[in-house]
Amino acid sequence: MQGGRKPGPDHPITIAPAGERVVVKLDDAILADSRDALILKEASLNPVYYIPRADVAMGELSMSDTSTHCPYKGDASYFSARNGAAKDVAWSYENPFDHMLIIQGYLAFYPDRVDAIETTARD
């Protein structure tokens, strides 16, 4: 999708392979387990892991009616735990701005809405 603000010195965004295994847990379920996650660092915000949809247990999630707009990334869609354990635990940019296409098809999780986001060395 065209448009959006491009990251720059006043609002830097970097995206790189995480280089580690990322596991997301909620209750007794593993919501994601990936060795191919990306890490996004945006301005002064905490780094965020973006996990390929193929490595997410999408059957454990359902799309919510929440949406937000980021002037740098685009419109975000949100996902809640299907079992009702937590609302809006993850988000995804289904059609990000062209300069953020690398995160298309990835989900990110709120650390305070899941039980754990664990990282270990890749096997």
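Buried here means under 20% relative accessible area. Keep that cut-off in mind, because Ser 34, our opening stop, has a relative accessible area of 0% and so counts as buried. One caution before you click: this is a predicted model.

**Stop one: Ser 34**

Select Ser 34 and you'll find yourself in strand S3. Show its side chain and look for backbone nitrogens around it. A polar atom of that side chain lies 2.9 Å from the backbone nitrogen of Asp 36, and the backbone nitrogen of Ala 37 is 3.3 Å from a polar atom of the Ser 34 side chain. Who else touches this serine? Setting aside neighbours within four places in sequence, Ser 34 is in contact with Glu 20, Arg 21, Val 22, Ile 51, Pro 52 and Asp 55. Val 22 in that list is also the bridge partner of Ser 34.

Now widen the selection to residues 20–26, which make up strand S2; S2 and S3 pair in the antiparallel sense over five bridges.

**Stop three: the seven-stranded sheet**

Next, colour the other open sheet, where seven strands run in the order S1-S4-S5-S9-S8-S7-S6 with antiparallel pairing. Its edges are S1 (13–17) and S6 (61–70), and each of these pairs on one side only. Neighbouring strands in this sheet are turned by 30° against each other on average, direction ignored. Zoom in on S6 and S7: they run antiparallel and are joined by seven bridges. Pick Cys 70 there, and you'll see Gly 74 of S7 standing opposite.

**Stop four: the nonpolar cores**

Which residues have the most contacts inside the largest nonpolar core? They are Leu 31, Ile 51, Leu 61, Val 89 and Phe 109, in a core of 21 residues. S2, S3, S5 (48–52), S7 (74–81) and S9 (106–109) each supply at least two residues of this core. There is also a second, separate core of 15 residues, which includes Leu 38, Tyr 50, Tyr 78 and Ile 103.

**Stop five: the aromatic rings**

Finish with the rings. The count comes to three aromatic pairs. Start with Tyr 50 and Trp 91: the ring centres are 6.2 Å apart and the planes sit at 90°, so this pair is edge-to-face. Tyr 50 lies in S5 and Trp 91 in S8 (residues 90–92), so the pair ties together parts that are 41 residues apart in sequence. Both Tyr 50 and Trp 91 are buried.

Then select Tyr 78 and Tyr 110. Their ring centres are 6.4 Å apart with planes at 15°, so the pair is stacked. Tyr 78 is in S7 and Tyr 110 in the loop between S9 and S10, so parts 32 residues apart in sequence are tied together. Buried or exposed? Tyr 78 counts as buried at 7% relative accessibility, while Tyr 110, at 23%, counts as partly exposed. Last, select Tyr 50, Tyr 78, Trp 91 and Tyr 110 together: ring pairs link them into a cluster.

Note on methods: Residues are numbered from 1 along each chain as its sequence is written. This is a predicted model: local features need pLDDT of at least 70, side-chain atom pairs count only at pLDDT 80 or more; totals for chains, interfaces and linings use all residues. Side-chain values use heavy atoms; hydrogens and water are left out. Two strands pair if DSSP finds at least two bridges between them. Helices (H or I, at least four residues) and strands (E, at least two) are DSSP runs, numbered from the N terminus. Buried means under 20% relative accessible area, exposed over 50%, partly exposed in between (1.4 Å probe, protein chains only). A polar contact is a pair of N or O atoms within 3.5 Å; within protein, one must be able to donate a hydrogen and the other to accept it, and residues adjacent in sequence count only if both atoms are side-chain atoms. Contact means heavy atoms within 4.5 Å. A nonpolar core is a set of buried Ala, Val, Leu, Ile, Met, Phe, Trp, Tyr and Cys residues joined through side-chain atoms within 4.5 Å. Rings of Phe, Tyr and Trp (its six-membered ring) pair if their centres lie within 6.5 Å; planes under 30 degrees apart count as stacked, over 60 as edge-to-face and the rest as tilted. Axes are lines fitted to C-alpha atoms, for helices over the stretch in contact, and angles run from 0 to 180 degrees between N-to-C directions.
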